[in-house]
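Welcome! Let us take a friendly walk through a protein model, one stop at a time. Please have a look at the structure before reading on.

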Amino acid sequence: METTPLTDPNKKIWSNLRIVLYILGALILFLFALDLLTSSLQHLGGNVAETILLATSNPFAGLFIGLLITAMLQSSSTTTSLVVAFVASGAITLESAIPIIMGANVGTTITSMIVSLGFISRKKEFRRAVSAGSYHVFFNILTVVVLFPLEYYYGFLSNISSHIAGYFFTPSALVVEKEISHSWSGFWPFTDFLQRIIPSSFILTILALALLFSSILIFRRLISNLLKAKSPEVFSRFFFKNQIKSFSWGLLTTAAIRSSTITTSVVVPIVGKKIASLKQAAPFIMGANVGTTITAFIAATLNANTSSTISIAIAHFLFNIIGVLLFFPIPVLRKLPMELANGLGKLTLKYRLVGFLFLLLTFFFIPFSLIYFNQDSIQTYHLTYEKNEANDPSSYYRIVARINKRKQSGEWSQYQGKESITGEEPSLIYPVSVKNTTLFVGDKMFLLDRPGFCWDGTDDQGQYNACIDRIVKRLDLSSYTFDSVYVCSVKYQKSSDSTTHRYFISAPLKLMLQHEVIQHDSVTVTREKLVGFEHQ
């Protein structure tokens, strides 16, 4: 008589506990790597930060950078974590980061396309696999086609995400820290120890990147093994029962493993082998796109030192959820990425090289072409100011102003001294934007309206009342001539005296030309004026 061996319940409990411990360990490694990365980036030389700013100042370049990095790493979670760390350290602005996030969403789809090309020797399976793999590509590309122009011309995502983040933070000048700041105080003994034994910030950054990628890779392998333990039929019956359930499971599983690459890649062979149809799998892919945003929220929560850090996580979520709202509930639009995917599948069945050409065009040729034809979208001004205060010698500082001509937004980076020094870091970074006739510089607001027009506002010094005194048609300043200069007076309500701040703003250039601090007896106690102007 044969007996059936009993399963040891303790062994099963230990197996489950071991998986939980592995996941917790990977999470701790991820958080530590993120903290180390942010700290290391803050100590990179100013010339490195300058290179990053210049590289990402062109939105098309940012889009391609996000696409290429994600395609190489095959992990959008790693790219978004990097972007959050760069924003937290002040290396790039929110406006420069959003195109990188968009590119990461497209770049992560290369894995599912590569998986689909693995079916090239089996005709019918190859057509269905290419359709499943390219659906993810077309869904993200169509979302980029809709949202990238809105962001490029109007700052759509950056404005909405900044507005939402504004409930938690007030935009102001970002003070560039000279000491390491830690995203979570629990890691500071380890990061400080590494900082002491490894003095090179570049090596620390490489180490942090390696740890970050390793933590995400551990998650992917853990879940991949769990998924392989189930048969494809069971997987299909469990995840693709209906559209809402398919979307929900795509969201939850991707949020759990923080990688849409693996969840969407699992779908390709399932559709290729006709275990599930593309129509059933499409909501799962959409849910995976939303679920992958959890990584940016985790990273932003632990690096919430500025509003931009929270804003980039919100922008990432908005990008994906808007794509779902466009192509999931609306029947006509829902068919668009599916028809494109099926069309490519049929074409690839007839001409096998089409799949490879599609990869080259999507991930290389088109992005490079867009960068080439949009090289001059950023205006850069190098400004030098002389500051005179009563009974003090003159001092100088410089501002590098970068403005996106189409979006009318950018930043002013302030440096101390008259001459630039190799490797110097900015002392202040002001987010700058223009909405109609209103100029926003940090937490200050200038309404360039008619003379006599007044408004109230609040900045780091308190509540104030501002008015346009006059408009100077032509102003000569330090051998430079500027047209349409607005003279604006600002008085703070809680000021103990009658001190007035007077700003001279160039309306065409949206630059500050002069700032005066005047006491109640009409004596100018401080004057900052432009003495150097260079346009690139």
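We begin at Arg527, which has a relative accessibility of 31% and therefore counts as partly exposed; in this text, buried means under 20% relative accessible area, exposed means over 50%, and partly exposed lies in between (1.4 Å probe, protein chains only). Before going further, please note that this is a predicted model, in which local features need pLDDT of at least 70, side-chain atom pairs count only at pLDDT 80 or more, and totals for chains, interfaces and linings use all residues. Residues are numbered from 1 along each chain as its sequence is written, and side-chain values use heavy atoms, with hydrogens and water left out.

What does Arg527 pair with? Arg527 forms a salt bridge with Glu516, and their closest N and O atoms are 3.3 Å apart. The term salt bridge stands for a side-chain nitrogen of Lys or Arg within 4 Å of a carboxyl oxygen of Asp or Glu. Arg527 belongs to strand E13 (residues 524–535) and Glu516 to strand E12, so this pair ties together parts that are 11 residues apart in sequence. Helices (H or I, at least four residues) and strands (E, at least two) are DSSP runs, numbered from the N terminus.

Glu516 also forms a salt bridge with Arg502, where the closest N and O atoms are 3.7 Å apart. This second pair links distant parts of the chain, with Arg502 in strand E11 (residues 500–506) and Glu516 in strand E12 (residues 511–518), 14 residues apart. Glu516 is buried, because its relative accessible area is 7%, whereas Arg502, at 24%, is partly exposed. Returning to Arg527 and its bridge to Glu516 at 3.3 Å, we can now see one network: Arg502, Glu516 and Arg527 are joined by salt bridges that share partners.

The structure holds 5 salt bridges. Another of them is between the side chains of Asp483 and Arg474, at 4.0 Å from N to O. Asp483 has a relative accessibility of 42% and so counts as partly exposed, while Arg474, at 56%, counts as exposed.

Is Thr499 buried or exposed? Its relative accessible area is 18%, so Thr499 is buried. Neighbours within four places in sequence aside, Thr499 is in contact with Val490, Lys491, Val517, Ile518 and Gln519, where contact means heavy atoms within 4.5 Å.

Now let us step back to the whole protein, which has 18 helices and 13 strands. Of its 536 residues, 51% count as buried. Among contacts between residues at least 6 apart in sequence, 64% join residues at least 24 apart.

With a relative accessible area of 3%, Thr292 is buried. Thr292 and Asn105 are 187 residues apart in sequence, and in space 9.5 Å apart, C-alpha to C-alpha. Leaving aside neighbours within four places in sequence, Thr292 is in contact with Ser76, Ser77, Thr254, Ser260 and His316.

Our last stop is helix packing. Two packed helices are described by the angle between their axes and the distance between the axes. Here, axes are lines fitted to C-alpha atoms, for helices over the stretch in contact, and angles run from 0 to 180 degrees between N-to-C directions. Angles under 35 degrees count as roughly parallel, over 145 as roughly antiparallel, 65 to 115 as roughly perpendicular, and the rest as oblique.

Helix H7 (residues 123–154) and helix H13 (residues 260–272) cross at roughly 150°, and their axes come within 7 Å. H7 and H13 are therefore roughly antiparallel to each other. On the H7 side, Glu125, Arg128, Ala129, Ala132, Gly133 and His136 meet Thr264, Val268, Val271 and Gly272 in H13.

H7 also packs with helix H8 (residues 156–165), at an angle of about 75° and with the axes 6 Å apart. This pair is therefore roughly perpendicular. Leu147, Leu150, Glu151 and Tyr154 of H7 make the contact with Phe156, Leu157, Ser158 and Asn159 of H8.
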